[in-house]
Structures are given as C-alpha cells and as structure tokens.
Number of protein chains: 4
Amino acid sequence: MRIPVQPMAEKKRLGALGRQLAAASLVSAALLSPAIQADQSGLDMEINKHGEKTLEFDWPILHVGTGEYPAGPTGVTVFHFQRKVLAAVDVSGGAPGTVNAEFLKLGYDLPELDSVVFSGGSWYGLETATAVATALKDDGIRDGYAFGENPNIALSVGSIVYDFGSRRLNEIYPDKRLAQAAFRAAEPGWFPQGAAGAGRMTLSGVFFGCNAHSGQGGAFRQLGDLKVAVFTVVNSLGVITDREGNTVACYPGENWPEDLRTADLMQDFPSSRAEGWAGVSADDRNKNHNTTVSLVVVNQKLPHAQLERLAKQVHASMSRGIQPFATQFDGDVLYAVSTGELEATADDAMSSADLGAVASEVMWDAILSSVPEQPQVVPAAEDVAVSAKDLRRYSGDYRFSRFVTLRVERRGDRLFARSIGERDTYSIGRDKAVELQPVSPTRFTVPGRFPLVLDFSREDQLLANPGKWQQLGSKI
Amino acid sequence: MRIPVQPMAEKKRLGALGRQLAAASLVSAALLSPAIQADQSGLDMEINKHGEKTLEFDWPILHVGTGEYPAGPTGVTVFHFQRKVLAAVDVSGGAPGTVNAEFLKLGYDLPELDSVVFSGGSWYGLETATAVATALKDDGIRDGYAFGENPNIALSVGSIVYDFGSRRLNEIYPDKRLAQAAFRAAEPGWFPQGAAGAGRMTLSGVFFGCNAHSGQGGAFRQLGDLKVAVFTVVNSLGVITDREGNTVACYPGENWPEDLRTADLMQDFPSSRAEGWAGVSADDRNKNHNTTVSLVVVNQKLPHAQLERLAKQVHASMSRGIQPFATQFDGDVLYAVSTGELEATADDAMSSADLGAVASEVMWDAILSSVPEQPQVVPAAEDVAVSAKDLRRYSGDYRFSRFVTLRVERRGDRLFARSIGERDTYSIGRDKAVELQPVSPTRFTVPGRFPLVLDFSREDQLLANPGKWQQLGSKI
Amino acid sequence: MRIPVQPMAEKKRLGALGRQLAAASLVSAALLSPAIQADQSGLDMEINKHGEKTLEFDWPILHVGTGEYPAGPTGVTVFHFQRKVLAAVDVSGGAPGTVNAEFLKLGYDLPELDSVVFSGGSWYGLETATAVATALKDDGIRDGYAFGENPNIALSVGSIVYDFGSRRLNEIYPDKRLAQAAFRAAEPGWFPQGAAGAGRMTLSGVFFGCNAHSGQGGAFRQLGDLKVAVFTVVNSLGVITDREGNTVACYPGENWPEDLRTADLMQDFPSSRAEGWAGVSADDRNKNHNTTVSLVVVNQKLPHAQLERLAKQVHASMSRGIQPFATQFDGDVLYAVSTGELEATADDAMSSADLGAVASEVMWDAILSSVPEQPQVVPAAEDVAVSAKDLRRYSGDYRFSRFVTLRVERRGDRLFARSIGERDTYSIGRDKAVELQPVSPTRFTVPGRFPLVLDFSREDQLLANPGKWQQLGSKI
Amino acid sequence: MRIPVQPMAEKKRLGALGRQLAAASLVSAALLSPAIQADQSGLDMEINKHGEKTLEFDWPILHVGTGEYPAGPTGVTVFHFQRKVLAAVDVSGGAPGTVNAEFLKLGYDLPELDSVVFSGGSWYGLETATAVATALKDDGIRDGYAFGENPNIALSVGSIVYDFGSRRLNEIYPDKRLAQAAFRAAEPGWFPQGAAGAGRMTLSGVFFGCNAHSGQGGAFRQLGDLKVAVFTVVNSLGVITDREGNTVACYPGENWPEDLRTADLMQDFPSSRAEGWAGVSADDRNKNHNTTVSLVVVNQKLPHAQLERLAKQVHASMSRGIQPFATQFDGDVLYAVSTGELEATADDAMSSADLGAVASEVMWDAILSSVPEQPQVVPAAEDVAVSAKDLRRYSGDYRFSRFVTLRVERRGDRLFARSIGERDTYSIGRDKAVELQPVSPTRFTVPGRFPLVLDFSREDQLLANPGKWQQLGSKI
C-alpha cells in the first residue's frame, strides 16, 4: 500500500488496506532535490506492508502496525497494547538507543506501558517512539489527565537499529509521520516477517563479512491458556544460526565451505574472518552499527522482578541463534511485557525460569523467521552485446542522495563507473572506475562477494540492486 | 516574540528577535475547537522569550534556545553543544522520563552528546528530545553517515517535567514543532530564569501544599580557567530553601508562621502538613507528578567514571535547596557534561569531589534563581458593585479545553460558578456552585489558600488568573 | 594432600605438595559429634588437589589455589593476581552472592583487584572471599597503609555456588581457614578441572532432572602475544551442551533417547521434563539453588567500559554451552579481568567484540572441561547372598549429619532403610522403609534414576556413594 | 567489658555483661611483637561497650551488638533481625565496600535479610559481614538446609568505613572473631552513639581539614504504630551540620571564625580550604578514604520498589547534615529495611515519599548524635620543669606498629621526637625531630591544628593521645 501523504481522516481505512501487498515503490521526487534533501515530508509511505511471510496469532490485546519508507528503505514497527501492561527491559548491547528505559528499571508492579516501538534510522529513529506516545494523546486515547485511579499518560518505549552505512545510499529515517501512520493502522493478529517494518533494511553476520539481509522475526506459542509471543528485529554483527548449528544466511568468503557451520566460524576466529574479509567498509567498521531489538510478551501475571529475570534469560538465550551476540558494537535491547491476563496461580502458569525456557525457544523461532530470501550474485553473461547507443544513453551522473553520485562512462564498447560523491556506491569506489559487466542488455554487474546489479531500463534513472532493497538514482 | 508558524527559512532572524520580550500572548483559536482539540499545529509559539531575569555567561560552545506555547502555558529548553561532548546521567527520582539515558551509562570516554533537552508535558514532552536529534540531521549538522573517524549520528538526550494536573486547564505539551524552533533559535551566552522554557508552568512545595510557582534556574561560575554552568527546571514536591534555611516560596497553610523555615516544616512533618492541606487535589495526589531535571556543565576534561561521580554528588546536594528531594513522586534526572576544553592537568583543574563541591553551590544558586515572583492572593473588595447588565454578560459557559468548562451564573446581584466539564476549574468544583466575589467591576475571586482571579474584561472570553500563567476560556 | 590443621609456618611446603593427588579422605571425627556439629575447625582439608584433568598454561601473573573439605565435599578456588589488575563484573542470574561487586561497577580505569574467589557453600561461602583479602593483609602483601602512589588495600571479590540441598547429606561450607590455606598454596600455571575446588560438589542439568555431576572448567588460548584464560564453576539449572548440540552429561529420564540433544530437550519443554521428572526434590525446587560463576582473564589493556562489554558478551555466550542459562534460579556472575600486560595498540590486540568472540569460545571449552566422569547406576545383582550375620551387623542407625540419620533394618534375609532424621537420605525417604538390594556382599543399591550405593564394608560406618562424592555416616 | 578470648560457651553471659561500661583497655602484647604483627587472635575485645550516649528504643525484632578492638581502635556494629526482613540498598559513594549488595538490587518482594554489618577496617572489615552469616549457620539459626517454604540460608549484608591512614598508628581491622562475638552479644533496644562500634575511629570534615572525631549515630521515631529507626556510621569528607547551618565539629584552620557555618565553608570553597589546609597528609589524600554507611529500618510493609525509593530519598537527604556528601572519595552506602510488621493498609502507614520525609529527619538526628566530645588542643605549659632523669627515662624508641616507631631524644633539658619507621607519627615526621613541649611532668605536646599529647607516665610505654582514641607504643 502506497500512501502519498496520510491524512488523519483516512486512518480508519488503513486497517482494511493494510493487508494488501504493495508493488515496488518509487522514490519520491522530493528526495532527489538537493535543496530539500533532508525534508522527508513528501516521501511515499507503505503501511502494514507484508514481508516474506506473515505470522498470524490470536491475541486481541496486541496490535501491530508497520510503516516503511521504500525510498530508504527503512521502517518502523509499532506494538500497541490495548490496555496498560507491565514491562521490563534488559540492555545488553554496547550501543543502545532507548526511550524511557529508565522508568522500566524502577521495579514497580504497576502496568504502565502502552506501546513498544522498534525502528530503523539509528538514534534518529527514536522519534518514532515519542511519536506514538503523542499520537496516543492527540487521538484522545491517553488524555494526559488522570481521572480516578488510573494514570492516563501514555508510556511508549522504543529502541532502534542502525540501518545506515554502506548498505544503502541515503540516510532516510523513520520519523514522526511514518510512526503515527503505522500506529494508527495497527491491527491485531498479524506480524510481517522478513524485510518489513523496522527490519526493512537490516543485515546479519557483519562480524564475518557475511552481510546477509535479515529482517524482523516473530513467533508465537500457546500452552494451554499460557501465551508467549516474541518479536525481534535482527541487525546483527552475529550470524543467524539454526538449531542444527548451520549458518542460515551468509555471503561466504572465498574458499568457504558450502555447508557453513557457525561453530566453525566461531572456533576458527580470527582466521575464519581473514579470507574474503571485505564485507564491511573501512568507514563502517567500529562504528557501533549493529543491533538486535526484541520484545517478549507473555500473558501470565508476573511480579516485575520476575519479568526482569525473564528478560535476562531470554536475552542471553539469543546468543544461540545469533553468534556473536551482545557485543560492544551491537545495541541489543529486549523488552519483556506481561499483559497480566493469566493469573500467576492459573494451572498453566509457570515459574519465570520455565517461562523463560519456553520463550527462549519461541525467540529462536522468531530469529529464524526473520531471514528473507537473499538476492543471488549474478554472474556477468559472456554473450551479451549492448549497443553503442544504449551505452551512450546509460552514461551520465546518477545522484542517489546528497552524498552518493555515480558517474557511468562509456569507454569503447564497455561501461565503467566511479563514485564522484562523498561516499562510495556499494563496492564502486571513488578512486578509480570499475568496469560494469553486462548481465543483460539493460543490467550490469560488478563481480564480488555481494550481489551488485545496476539496472538502466528506466529513462534517466539508475536502479541499484532492483528488488526489495533497491536504490534509485536520477541522472543529473 | 510570537511566531504564528515558523518557516525554516526564517530561522536566521530568530536569534536577533529572540531576545525581545514578548507581550502577553493569545490562545490560538485552534485550541478552542473541540474537533481538533489535540491538534497543536496552529498554536502560537514564543521562542527565546526571556523570563524574570536572564543569566548571561561566556561559553561559546553552549547554545540555549527555548520554546513556549503560551496557551498551555508550557515549554521546552534546548541545550545544544557546538561539538560533541562527554556526558553522564544520574536518575534519582521515582518517575523519570528519559531519552537515551541508557547509552550514557555505558561509561565510554567518548564525546558523543550533541544536545540536552528539557521539556514540560510529562512523557509526551520527550518528543522534544528526539525532535532536536532529527533537526540536527535534517539541517545537515549530523548527516547520519560517518566520514573518517568521527561518528556523525546526533545524540540528543532529554527529560521532562509533569506540568499537567490541576495547575492548568488544558493538556498542551511541547512537541516536535516547538522543539525544533527552539533548537534552531539557540544562541550562546544566555539562559532565561523563572517561568520560561521548560519551567514555564512548574510548581514547588507541593509536598506541603505550598504550590508556589517555580521555573527554571541557571547559574555560572568561573574559577580561573575552570567553568561551571548549572541549569535546573524545578517542579518539585519539595520546598525551595535558601542557605539560611528559609522557605523561599510557598502559599502558606492557615496559621502558618510568617517566616517559614523549611527545617520546621520537615521536622514537624506530618503535622506540618495537616493544616490547610488542600493544595493538591485528590486527582493529582500520588500520581508521580513532580520532577526536577538538571544539567551540570564543566569545561574540565574528566574520565566518564568521574563525571558520573560528579553527577551523583551534585544531584544529592540538591536535597539542601529542595526539601524533600528525590522522592518516588519526583522524576529527578541530572545530566553532567564535560566539554573537555580544560585539560585535567591544567592548573585550575580539580578532583571530581572538589569540582562537585563547587558545582553543588552553583546548583544551589541555580535553584534559587528559578523562583519567579508569585501572584498574590487578592482579597474580595467590599465596595465593588457590578451592574446587573455586566453580571448577565459575564454569565455563560466558558470552555477552556476538552475537559474544563466553567458555568458562570448570575443569582440576583451575585455571581456563582461551577465546573460542568469533567475536570474542576482550579478550586471551583463540579459539585456545587461557589460564589465569585468581586475584586473590581471586571474581576472576581474565590477566597482560598491560592490566588484565583477570573477576568471578564474580554468579550466572550474568560481569563483565569490573568498574567504569566493565565488560562483563556471562550464562551460557548 | 590431606592437611589436618594448617599451620602458617608450613605454607612454603604447600606448593610442592599441592600437586600430589590425595587419597580418598576421611571424614573428620569432629563432624560426627552433635555437640559441635557446626564447628568446622577440625575438618580435614585438601589443598591443591587435582581433579579429573589439569589445565596447564603459562601466565605467571595468575596464581591458582584450591581448598576442599572432602567431608562435605565442598571447596574453594582462589585466583590471586600478582599485581593489581582491572576488573569488571556482570551479574546475570537471579540469585547471586557477591563481595565487592558494587565497586567493580563504578567504571574506574584503575587496576585495583587482587583476587577472585569462587566457593561452594552458598552465601556462607562468601567468607572465603573476605578471608583472602585479610590473608593478603595478615601476610603483609597489602599492608592496609598506602605508601606512595599505590593504594595498598586488598580488593578481593568473589561469588559462590549453592552446593547444599539433596545432593549431599551435610551442610559443610568452605570457610576462612580453608580459603586462606588455598590462597597461601596458590601457584601459577595450573588449574584443576572437574570435581575440584569450588566445583567439588556441583551439578548440571537440574532443570531437566539430569542432576549430573559437574565441576569447574578452565581453558586457555594464546594468539600471538594475546592471552585469554577462562574459568567457570558450573552448577547449573541448564544442561551442558557441546558444539554439536549434544547433551554432555545427564542421568536421563525414562524412555529418553540414547543420544540426547539439548535442542530437543529445550524445544519439547515442558513435555521433555514430564517423564521421569524426579530429579529435584520438593524441598529443593524453587530455592534459587543453581549458579555458574566465571572468570575471564585477558592480558590486553582495555578501558573499563570495554572490559564490561567483554564481560557481557562472554556471559551471554554461555547460553550456548549451558541451556537454559541466566535464569531466576541461577546466581550467575562473571568477572572479567584485564591484566594490562599487552598494550591496546599492540599488533595482537583486538577490539572488545573480537576479543569477546575469542573468549566466548574459550569459555565453551572451559564449560566442557568441567564435566567429570559420572558414576553409573549399578544394578542389583541377582545372585548375591548376604549372610544373616552381616545383615545384623549392617543394621543400625547411621548418622551423617545433624539432619540426616539412616535407619537400616534387617527383615528376614532382606535389608530395609528409612531416614529417621529431619532430611531424606537421597532417595530414601522418611515415610516408609525401602528395600536395599545387594550388589555385592557389602554393597547395596536402591534402583532409580540416579546411582545410589550404600557400602557397609567399614566397621560401624556407612559410606554412601563411595568414590569422589561419598558421604560417611557413623553408627550411633 | 574486656574479653581476653571469647569462648563460645560463654556467649550467654555476654548479654548481661554487655551493658557495663569498660575501663580504658590495654593494647594486647600480641600486637607489639614484630613476628606476629598481623596476628589479631590475641587482641583484647570490647563487646557492647557504650559510647557517649546510648539510644534506647522499643523494637524487639532488631538486635544490636558491637565489638571493638581498643588497640586499634576500630570496631564493628551488627544489626541482627530476629526474622527475615525485606531490604534494599543505595550506593551513592565512589568507593564502596559491599557484601551481597547485588542480591538486594534484584527487586524481589521476599524477606531474605538476616543482618546488616557495619565495620571499620576498609575492605578488610568486610570479613565481619560474612562472619555474621557463618555464625548464623554455625549457631544453628540458619541451618543451610531449607525445610518447608522458608529459605534457610543466612543473608548478611554489610559495608565498611576506611579508618586507617594518618588518624591512627596501626592497621588493626575488625575480623571474624570480633564480629561473631558482637553478633552473639546482640541485644534489643539499644544502640551506642559516638565513638563506638564501627564508628570507633571515624572522622568528619576531612574535606576542609577539620578532621574532627565522629562516630556512629542512631535515632528512633514512632508515629502511632509506625516505627522508624536510623543508624549511621559517619566517616565523612563532609562536615557535620545542624539544622541551623552550624558546623558541628571541626578543628578550625587559622583565622577561621568562631561560629563556623557550613554554608560559608561551602560557598567560599576552594578558598575556604586554603587556610590551614594541613589536615590531610599527602599520603592520605585522594585515596578514597571516607565513607558514611547507613541503615534505615521501618516497620511498615513496602513493596521492594518503594523501599528502594525510600533508600534513595533518605540517602540524598543526608547531603544536608553532611556537606559535601556522596563524593568520589566517600564509599557511601545505605541499606533500607522493612520489617513488615505494620501492614501497608494500616492507619499509620504512609506513602514512600512521606515515610522518606520522616526518615530523613530521623537520619539528620542520627547524624548529629554521632558526634563525640572532641579532645581539645592542649597548650604547652610555660612553667613545667621536667627532671633530667625523667627526660632520660622518656628517651628511647617507641614502637607502635609495624610501620610506626617514634624516636624520643633528650637534647639538654629539652625533648625531641622523630619518626624512624616508615610512617609518620601524627604530625611528627621522619625528616627532622620536633620539640616536645611539656604540658605536665609526664605529658608533652606538639602545637598544631590538632591535639597531640604524648604521655610518658607508664613504664616503658608511650601513650599517644591518651583517652578514647589513644595509641600505645612500647619501648624497644
């Protein structure tokens, strides 16, 4: 669903529309103008767009809404509880972004939380967490004045992932407009997995140069009356690993074995990283740029101290599915919520440790569900001939964003490219031009560890890596 | 300075204009329409409005901007450092609102902080802290992409005070628009004291029912090359106390001594609170609604661990100037910043404990400077006659906000009032009408511990407590 | 090495003697006298007794000493650094015991730590951590008075594991005497693995009823000039798991598969626990009685903030080798130490994340090395005949400790036993007598999930589970 | 009461004896022998010795015992609750020593605490906290085995103050023996104030060079059924200040005003410290050597989160009575205990903030009660003649401890002294001999900011500063 600018009056329709899958979206013209490069108010939004798969679950208290700027791409995921719930937080990474985490650490047994918001955009994305709070007020759900016993100030917490850097060619971030649209479109019973919402442009395995696309994962389990839902946005230094020990997604280094086992990568480290260690650009390294942010929801009533224990246990357990985990360069934060719908004395209620064991497995499922299908490295085709006219037509300077412009030049019957802005264009650097090798008459590639496809099929536009994570440049 | 809607292109002018004191501002019409009651986009803003007094100091690295919605009133204060600085945080209250506090607790000796934002509006006001971060990006100051060594993601932290409740008749809060205008107007060398910025509508002494107006305070001290600046927004359960032990501002209970000493109030507690204990409405009590948020800035380079010690020491020292302090119902947060301009080995450099002793005294000065002049309780005048025509004209239902409407009725030659909305109108409750006693032909009062003046001099409008903290109702 | 009572003058000899393996030790007579049941001053000590295997490593700055009370059995492990080192701590379990952890959390970049002490005995075992500090003073190593720049107060930190409960029949704990003897015997270059030191009487897999013996593990890795040593005392709710996903040690429930995989136990939980769920007695359940305490030592200089990150990362990584981990009922604590011998700018120095990845693998090796050889369940022998005279001789009341006395009775040609003290004797309860089935003329068993052998070969004594974890009862 | 060596069998008698005031105690011979200088096992103990005054209060659940080594002097104070109570902790100083503080931070609403132990001896004194735990086990009060619902492991927490340094001439510390004797002698209803227990050798005002003797303070208040008891061991950088703002105890610098006001000292800092800034020796400065440790006990049931709030509020409030407070060089720790005897719904129950206000005032009373009577600076007498024979007799080398030996020499009819050990003897340094000026035929002084009296009236012994804080040297 593409939403040019979202008028509030239309919000009722969003629910119905939200489930429709959107076609590939166009970059807004607004972004391409240098004068207003950072004005995001004209960007197209996609709200409640489905990902690879959709988790469905029955839990009316929990509404989920997502908002995406396909031009980034980047996005936000909003969890809105239909009544105030008890929450705890565990921060284990070395580069967190948080809103209102301090309050959750005070240990009150008082349900106060309205929403949890995950977002791309690094620290800028925190605007989405505060925007959901103010939307709750502006919409009259939390008026800001307390009548009777119940506090009526919205408590919205949130955390972010770093989805800038060399993975994309602009610095668009999820903002207030996008977050409030996602909040207002939130619906029960669904959660889009893969490259969706806050997981729209995340990576995994950066530690080993894998740089596989990841996304957001979700899983749900019900044991009698006990419900456990887990959501995680994986943007990790670590590689995603299944229960058999396999590395689930990775663009392998040269000479790496076909069947990659995480235990081998880890045990052989640092030598396992030596080969083909080119995934992370010098600009990106050591910049605190990874993060996995997670949410565990249980319906069992728990004292706050035990909810904290649950958060700790489940958070630590993620070290199995993501290796390494909780490093200085991750900003890992986990929120744990008890909706309190199931009494602690109920038959199906559990100790925090048992509940933690269950939730840790649901978490592992969630991590695995976050992985989208990966684009493949496309080999150059031997026998493609591109006409001189086309080569001329493809030539030119393509601007992707304020810092990224790619110069494409014809040299005889070959095409070369060089970055002339302040930043590289993926593996195409600024020092010298590299040859673009044809894959088809309109598509070219630069061989390397990672897929890189440049598509010239649109008039005066260059589509880098067409598909889910595409970037659009305009000839200038 | 009144700013209808602030276009970005005008921001250069703001600096010059900002220092001019504004006339009393009008409530925007937008607020009075029920349909869009919570849409704040049309509210008048006041940017860099001066308070009671203005602290001037010489420290180019630190820019201060304030934004106010006079219709609240409420406001925001933005501290913008001209380069990244090292920061620590100490949370001592039981009801804090924070953005990015977790990051500051990790102990890195790395200057990362760009701005500290204080705001009214309770948790909703946190939108101002994230808005300053995104303004830093949108304006191209922190691009979001790291070139070379320096990280270039803006780190903005912030905390809020609860300035809702019975003190005012609406729930307007400082938002993104207001914060970004204040940020863009920030200037070096000044800080408005009293009822300004985030301290626009704060109270002190709520614990003893004093409910005196407070505000934001600032103080500066230079010892050789060593600089210490302290800023605090006082919205405290505790009473403000000077170095001689006097209670600085309080609407006293009945039979209280003229020369009120805080030590007496505290030692005699709970009996000291028994008399005239009417300051806090039942709705407001036990709602975690006070907070003092503070910022200490030193130019001396300090390791993060020592900056944390400084924060702790200065924060604890505030228990002298505000009594009680750091309670469950305060959200007290203190940020400590080292700009690193003075080397730790410089002649004027100090140990953290010595620096803390100095800063604690500067803090006490700052607390004292936060107190604005208090409105006086105006006695009813014996000999004022109001014409029947005027009484008829004054009669009617005045709407202040979604929840507050006051019904004014003429009964013979007297005027009565009763709240007919969901909330009380100050001491005028919803159960039965109270008599409005004339002070002048256009002004009336209701006797009590606190000043209450109703001004009917405007056509079809009722001005409650005209002056700095006035509230405007419109006849419906 | 058995040490009746350790005179200080003999401490020099301990080093040499320490490496000799001791013969099975006798329970001190002192323990058997009710009047002085809790006086441990006469207990035999074993100092620097080797375990299953011994880790050898070259790192002169780090001395290790162990002390054991075989009568418990229980023990203590002392790590003594030969100069003050920098330390950080991560507490992730819900039932920790700590000495001086708060100081380590203040973030000073100052080497202050002298020793880390791990101990059995639950909170009582903390006496060992303070005892090492006072030994450092009493021996004149840290005088308590600061001459010159260096502080000269010993900083000893420590944590404990719960090795009481149904696993043994008394509550002997490591105390000051034992700890100071271990401290004074500490030597470089060695670390005993398995049922040694603080790991003398630990269990793993309690969560699934596995109740396998565990112990203390250690591993060392050197990469160029970079050294990483890891030590861990595993007493875990979780099952120990190898890199292929196998459960390393477990007394399986009925009908459990031969090749037990932890992923299956975890994914099938809670049903995986249903069968044969008899490992934990009702008395023991929900009593916060597990704990894994760990120490990571690196020689690279790290700022304190990064050492904390390292601690977090490695601690979380343990969730792979121990599943579940960091629950409410574990008291997991990890100390991280930087000796500072390798400059951060050295060729072999690493980022904290890289170092954490290496250390996490060394930790996994350490966990695996903690597992001792398990006693087997011995079936009753069909054809053993025990003479009536022997049966009569075996009959009687055997006292193991204040709370445990076992009544052995002959009934015809069979032998029965019942606990008549306040506590059960392993699976032999207090409600009714169970038959003791002969294994040999002097040994009997009670069939069940866990090995239980009663040995009557000593005059007037009953040896329960003869071997490494034996318990001695005396006829009364 | 002097106790040569305390056999356990006599512990019953201690209660009765404990209240008797003891005569000035002798230094044990053991201390004077170099060979066993650090063996404290022969030191005389004083148990439950009264201080300046005794606080009496009615609260049977709380027993208090003290132990002192007069040869130090130094001591320990044990608070033993007669059933498990709920506890929280607040660490605000930069140099804390703690046992089991981490557990108290987990937020469980479970009464677990048995005892709080305060001690001198810096980190070495933590042995007293663990010793009380093991005494609870050894005496069969907490067996270590859990029968039924209740955990039966003793939880003892504790903190220490630094009472080493130039204030005394040896490094004796409270140890296991002393703590267990104090624990076993604990009685209800009393608390010795001043130079007693853990406050036996504490100072205040070190920040301004005041170096006044302080001690331990206690106060109690009952409001209806609500009880609040507060205890504090003041060993503070800050000066003790009363509610009128007066500095309560200080050896003033030259030219300081008679009526010293703390506000003046603080506001004029650093210049207020310039004059007569000789109180702290170079050895002592910047050595993290101060600490105020405190305990607040309420009988009202509070959730743990609110007990933490109470701890924070009261701890911060101490900044009024001790200025400065909570610095990097203090190790301030406060424990808060709720005995749970008064239901939260009782008529006299209070919110945590109200309770905090009450307890903060009781704390201020406690702080003030900690101040013992100060020794006066004794002027040299003009007309005292000491015989040559006496001068000869006084001459010699007097050994106070391993590091302190004073050489007294007759030069004509005058007496000179110089320190020949590794440490100074108070103001008598090692560089050159200073004249001892006669006060009486047997007593001499060295003029200065602080009292210094040397008494030669005992044969072959030198008593430095005879009286409460005396130090004994023996001729060698």
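This is a predicted model: local features need pLDDT of at least 70, side-chain atom pairs count only at pLDDT 80 or more; totals for chains, interfaces and linings use all residues.
**Helix packing in chain B**

- From H3(B), the contact draws on B:Glu127, B:Thr128, B:Ala131, B:Val132 and B:Ala135.
- From H4(B), the contact draws on B:Lys176, B:Leu178, B:Ala179, B:Gln180, B:Phe183 and B:Arg184.
- Sorted by class, the contact of H3(B) with H4(B) has six nonpolar, two polar and three charged residues.

**Helix packing in chain C**

- Helix H3 (residues 127-138) and helix H4 (residues 176-184) of chain C have axes 8 Å apart and pack at an angle of about 55°.
- H3(C) and H4(C) are therefore oblique to each other, and H3(C) passes H4(C) in a right-handed crossing.
- On the H3(C) side, the contact is made by C:Glu127, C:Thr128, C:Ala131, C:Val132 and C:Ala135.
- On the H4(C) side, the contact is made by C:Lys176, C:Leu178, C:Ala179, C:Gln180, C:Phe183 and C:Arg184.
- Six nonpolar, two polar and three charged residues make up the contact of H3(C) with H4(C).

**Chain A overall**

- Chain A contains 10 helices and 26 strands.
- Of its 476 residues, 62% count as buried.
- Taking contacts in chain A between residues at least 6 apart in sequence, 71% join residues at least 24 apart.

**Helix H4 of chain A**

- Helix H4 (residues 127-138) of chain A has 12 residues and spans 16 Å from its first C-alpha to its last, close to the 16 Å expected at 1.5 Å a residue.
- H4(A) is mostly covered, with 12 of its 12 residues buried.
- The buried residues of H4(A) include the charged residues A:Glu127, A:Lys137 and A:Asp138.
- Within chain A, the cover over the buried residues of H4(A) includes strand S5 (74-91), strand S6 (98-99), strand S7 (113-119), strand S8 (156-160) and helix H5 (176-184).
- Helix H3 (127-138) of chain B is also part of what covers the buried residues of H4(A).
- A:Gly140, which follows H4(A), has a positive phi near 80°.

**Contact of chain A with chain B**

- In this contact, 43 residues of chain A meet 42 residues of chain B.
- S6, helix H3 (101-104) and H4 of chain A each give two or more residues to the side of chain A that touches chain B.
- H4(A) gives the most to that side, with seven residues.
- The side of chain A that touches chain B has 21 nonpolar, nine polar and 13 charged residues.

**Contact of chain A with chain C**

- Chain A and chain C put 35 residues each into their contact.
- Helix H6 (262-268), helix H8 (304-321) and helix H9 (352-369) of chain A each supply at least two residues of the side that touches chain C.
- The side of chain A that touches chain C divides into 13 nonpolar, 15 polar and seven charged residues.

**A:Ser370**

- A:Ser370 sits in the loop between H9 and helix H10 (388-394) of chain A.
- A residue is buried if 20 or more other C-beta atoms lie within 10 Å of its own; A:Ser370 has 35 C-beta neighbours inside 10 Å and therefore counts as buried.
- Beyond its neighbours within four places in sequence, A:Ser370 is in contact with A:Gln193, A:Gly194, A:Gly199, A:Ser214, A:Gly215, A:Gln216, A:Gly217, A:Thr232 and A:Val234.
- A:Ser370 and A:Glu68 are 302 residues apart in sequence, and their C-alpha atoms are 17 Å apart in space.

**Helices of chain D**

- Helix H7 (residues 304-321) of chain D has 18 residues and reaches 26 Å from its first C-alpha to its last, close to the 26 Å expected at 1.5 Å a residue.
- Because 18 of the 18 residues of H7(D) are buried, this helix is largely enclosed by the rest of the structure.
- Helix H4 (residues 176-184) of chain D has nine of its nine residues buried, so this helix too is largely enclosed by the rest of the structure.
- Among the buried residues of H4(D) are D:Lys176, D:Arg177, D:Phe183 and D:Arg184.

Definitions and conventions
Residues are numbered from 1 along each chain as its sequence is written. Chains are lettered from A and ligands numbered from 1 in the order in which they are written. Axes are lines fitted to C-alpha atoms, for helices over the stretch in contact, and angles run from 0 to 180 degrees between N-to-C directions. Helices (H or I, at least four residues) and strands (E, at least two) are DSSP runs, numbered from the N terminus. Angles under 35 degrees count as roughly parallel, over 145 as roughly antiparallel, 65 to 115 as roughly perpendicular and the rest as oblique. A crossing is left-handed if the near helix is turned anticlockwise from the far one by less than a right angle, and right-handed if clockwise. Two residues are in contact if their C-beta atoms, placed from the backbone, lie within 7 Å. The expected span of a helix is 1.5 Å times one less than its number of residues.
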